[in-house]
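Colleague: Can you walk me through this one? I would like the sheets, the helix packing and the ligand site.

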Amino acid sequence: MGLPGAVPRRALIVRGAVGADATAVELLHQRGFAGIVSATGVDDALARIQLEHFDLVIVPMAEMHSAHLQLLDRAVQRAQSTFVVGTAETADPDLMLRGFRSGISEFLLLPLQPTEFGAAIDRLLQRIQAAGGGRDGTVIAVYSAKGGVGVTTVAVNLAHALAQVRQDDEVLLADLVTGSGDIRVHLNISPTYDRGDLMQKLDRIDKDLFRSVLTESVDGLWVLPGPDAAELNGALDGESTNVIINQMRQDFGFAVLDCDHYLGDSTIAALETADRILMVTDLSVAALRNTQRALLVARRLGYPDEKLSVVVNRSQSGEALSAVDAQEALKRAIYWKFPNDYRTAAGALTKGVPIARFDAKSKLSVSFRQLAEQLAGSHATASRNGAHPTGRTRMSQLFGRAPKRS
Ligand SMILES: Nc1ncnc2c1ncn2[C@@H]1O[C@H](COP(=O)(O)OP(=O)(O)O)[C@@H](O)[C@H]1O
Ligand SMILES: [Mg+2]
């Protein structure tokens, strides 16, 4: 997989982290790593990564103390395109969790299994490539543990609002739902190509090929539609999902993902790779229960709290449960509340246009616009067409208020 003409990759391996034999080093050579350096211990490794760049660092988790993890976290954040693999003889969940929180991207058990190690390195190489070239756009995954709460509605209209707020950035909306053509309906498009066609050519993916399967919709919003029917060739696996998302990140300023409710490999890969997750719920007991469970999974997977925001859809006064109850039940701040507006949501869907096109003055439309401004503002500088970050304080971002009534 070593790319012809690419700069040789550099790896730093802490003694004991890959076992005694040379298999790991061989696999790295095969993948285009030329400079493979070994460090005598964790302290030595941490000192070296302050001074020189490594694409990959492999550390023995058992030797990583809290102070090491803190230093590692800072070093990885500063370096931006250094990826860390942690290895250990046992899968201690606590240690793994702390590792993932401190910038470790992959965890592998010792003795290393060559196929597993190779697959992990391939995943990281995709990310190294994405981090090195291209524009490193922001990927926002919209997800709900339960169907019908408005994931597609939020994804479509947030993407459309982002395209309007950030006119100097290109925005992509991607349908990652198995067997769904929902975005086609929301935007009334009959695309020539879709995700199924992309899947056939994934081994050759690049900017031009990716662009050739996309459809341009209203107001400059780009769309990767899902396959029309539940075709087999449209089924996504984790690896393909990573490849597609990495391409989005290189080519677009923002990518919004309509994720499947089913937590399969593909959805987990999407949630993992995304910069932010908007977890949509409504205020029904069933939806909140599912959200609670999904939050537990996210915590177990080691997602940092800042990455995941709970958004309430169809919020309505006089409902059995309030947003405050939800906050209490979920032990999480509610980041955003979309008003319940059947007339607007259903009207836009029937016409096949984004909500802002159907009724720009509706509360629902204003809410999407404000959320887009907040998300774009916190991830990039204000665009040149006069959109300003909303100036909300950190506190109000954390304890997101319902959008102001207009
Ligand atoms: N804020 C809202 N107010 C009123 N109806 C909504 C709202 N958001 C979504 N809906 C409606 O709820 C239904 C399900 O939405 P959808 O986005 O398809 O959910 P999901 O993708 O989670 O299955 C649609 O008919 C949609 O028009
Ligand atoms: Mg949907």
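Modeller: What follows goes through those topics in turn.

Modeller: This is a predicted model, where local features need pLDDT of at least 70, side-chain atom pairs count only at pLDDT 80 or more, and totals for chains, interfaces and linings use all residues. Residues are numbered from 1 along each chain as its sequence is written, and chains are lettered from A and ligands numbered from 1 in the order in which they are written.

Colleague: Which strands form the five-strand sheet, and in what order?

Modeller: The order is 2-1-3-4-5, in an open sheet with parallel pairing. Strands here are DSSP runs of E with at least two residues, helices are runs of H or I with at least four, and both are numbered from the N terminus. Two strands pair if DSSP finds at least two bridges between them.

Colleague: Which strands are at the edges?

Modeller: Strand 2 and strand 5, each of which pairs on one side only. On average, neighbouring strands of this sheet are turned by 20 degrees against each other, direction ignored. Angles in general run from 0 to 180 degrees between N-to-C directions, and axes are lines fitted to C-alpha atoms, for helices over the stretch in contact.

Colleague: What packs on that sheet?

Modeller: Helix 2 (residues 42-51) does, touching strand 1, strand 2 and strand 3, with its direction at about 155 degrees to that of strand 1. Contact between two residues means that their C-beta atoms, placed from the backbone, lie within 7 Å.

Colleague: How many bridges join strand 1 to strand 2?

Modeller: Six, between residues 9-14 and residues 33-39, running parallel. R9 has F33 as its bridge partner in strand 2. With helix 1 (residues 23-30), these two strands make a right-handed β-α-β unit. Right-handed means that, with the strands pointing away from the viewer, the path from the first strand over the helix to the second runs clockwise.

Colleague: And strand 4 to strand 5?

Modeller: Five bridges join strand 4 (residues 83-88) to strand 5 (residues 104-109), again in parallel. The chain gets from strand 4 to strand 5 through helix 4 (residues 93-101), in a right-handed β-α-β crossover.

Colleague: At what angle do helix 12 and helix 13 cross?

Modeller: Roughly 35 degrees, and their axes come within 10 Å. L288, T291, Q292 and L295 of helix 12 meet A326, A329 and L330 of helix 13. That contact has five nonpolar residues, two polar and no charged. Nonpolar covers Ala, Val, Leu, Ile, Met, Phe, Trp, Tyr, Cys and Pro; charged covers Asp, Glu, Lys and Arg; the others, Gly among them, are polar.

Colleague: Last topic. How many residues surround ligand 1?

Modeller: 19, with G150, V151, T152, T153 and A345 the closest. To be near a molecule, a residue needs its C-beta atom, placed from the backbone, within 6 Å of it. Helix 6 (151-165), strand 12 (308-315) and helix 14 (342-351) give two or more residues each. The largest share, four residues, comes from helix 14.

Colleague: How does the shell divide by residue type?

Modeller: Eight nonpolar, eight polar and three charged.
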